[in-house]
Amino acid sequence: GSGRTTSVSGVSGAVALSPEESGPIVEAVLATAAAMLRNEARSSGATSLSQRDFEEQRLIDKCLAGEAEAFRPLVNRYQRVTFSVALRMLGSRADAEDVTQQAFVDAFNALDGFRADGRPHAFSTWLLRIAVNRSKDVLKSKKRTEEPLENEVPGTEAAFAYDPSNPEANASSGERRQHLETALLQVAPKYREVLILKDVEELSYEEIHDILQLPLTTLKIRVV
């Protein structure tokens, strides 16, 4: 209702990457974003995943009842993986931050249309669908599908396997990551989005299907 919409300004403040996060997020937080959902799943098991789904639905219900602050835990949980996907879609940190914030605002404003329908990871896949669509809108408007990465996002910092205790391994990993990110920006968005979700974020085909709303056969063809 109108009460929830007028509270968006308070929620969007929680979405924005704070100055304290803006530096370390690439080195430390983004280092684990790719495996975040999978690592939680492996460590906590199916029961905890189910509990998390129920918890997220309760938070959504509170938001719909007018408690805007109930959206903050969802922002905290998925801000980093959303930023990670946007960054690799766009190759621009500034654009990725804008898309991340707008995706959460869009999701908040559309919560009354969200339907989990008993699906695991229903909210996160719905949110990432919004972020991917927002990213594609930016690409269309700026026609930047082949623009190289910004200098401020070097490969070593963006590497998900970043390990400060092993600089030699990081140098090699950083080179591979830089090549990967540069290569991703050379392919059409319809292929890039699948490659990012499957090979970088390590999502399952079922999760990618929920995000992109494409047939499984199409997804598998685009990954080949």
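## Helix 7 and the fold around it

In this predicted model, the buried residues of helix 7 are Arg93, Asp95, Ala96, Val99, Thr100, Ala103, Phe104, Val105, Asp106, Ala107 and Phe108. Let's start with that helix and then look at the rest of the protein.

**Checking the length of helix 7**

**The overall fold**

- The protein has 13 helices and 0 strands.
- The protein has 224 residues, and 46% of them count as buried.
- Take the contacts in the protein with a separation of 6 or more: 70% of these are between residues 24 or more positions apart.
- The accessible surface of the protein is about 10800 Å², with 52% of that belonging to carbon and sulfur atoms.

**The nonpolar cores**

- The largest nonpolar core contains 25 residues, and Val85, Leu197, Ile211 and Leu212 are the ones with the most contacts inside it.
- Which helices each supply at least two residues of this core? They are helix 6 (72-90), helix 7 (93-109), helix 8 (122-142), helix 11 (189-200), helix 12 (205-212) and helix 13 (216-223).
- Helix 6 gives the most to this core, contributing 6 residues.
- Another core, of 23 residues, lies apart from this one, and its members include Ala68, Val75, Ala107 and Ala131.
- Ala107 of that other core is also among the buried residues of helix 7.

**A closer look at Leu212**

- Leu212 is one of the residues with the most contacts inside the largest nonpolar core.
- If you set aside its neighbours within four places in sequence, Leu212 is in contact with Val132, Glu193, Val194, Leu197 and Leu219.
- Leu197, one of these partners, is likewise listed among the residues with the most contacts inside the largest core.

**The largest pocket**

- The largest pocket has a volume of about 210 Å³.
- How many residues line the largest pocket? There are 13, and Asp53, Phe54, Ala116, Gly118 and Arg119 lie nearest its centre.
- Helix 5 (36-64) and helix 8 each supply at least two residues of this lining.
- The largest share of the lining, 6 residues, comes from helix 5.

Terms used: Residues numbered from 1 in each chain as written. Predicted model: local features only at pLDDT ≥ 70, side-chain atom pairs only at ≥ 80, totals over all residues. Heavy atoms only, no water. Core = buried A, V, L, I, M, F, W, Y, C linked by side-chain atoms within 4.5 Å. Buried < 20%, exposed > 50% of the residue type's maximum accessible area, 1.4 Å probe, protein only. Helix = DSSP H or I, 4+ residues; strand = E, 2+ residues; numbered from the N terminus. Contact = heavy atoms within 4.5 Å. Areas by Shrake-Rupley, 256 points an atom, 1.4 Å probe, with all protein chains shown as cover. 1 Å grid on protein atoms, 1.4 Å probe; cavity = no way out; pocket = protein on both sides within 12 Å on 5 of 7 lines; lining within 4 Å. Points joined across faces, edges and corners; volume = space filled by probe spheres on them.
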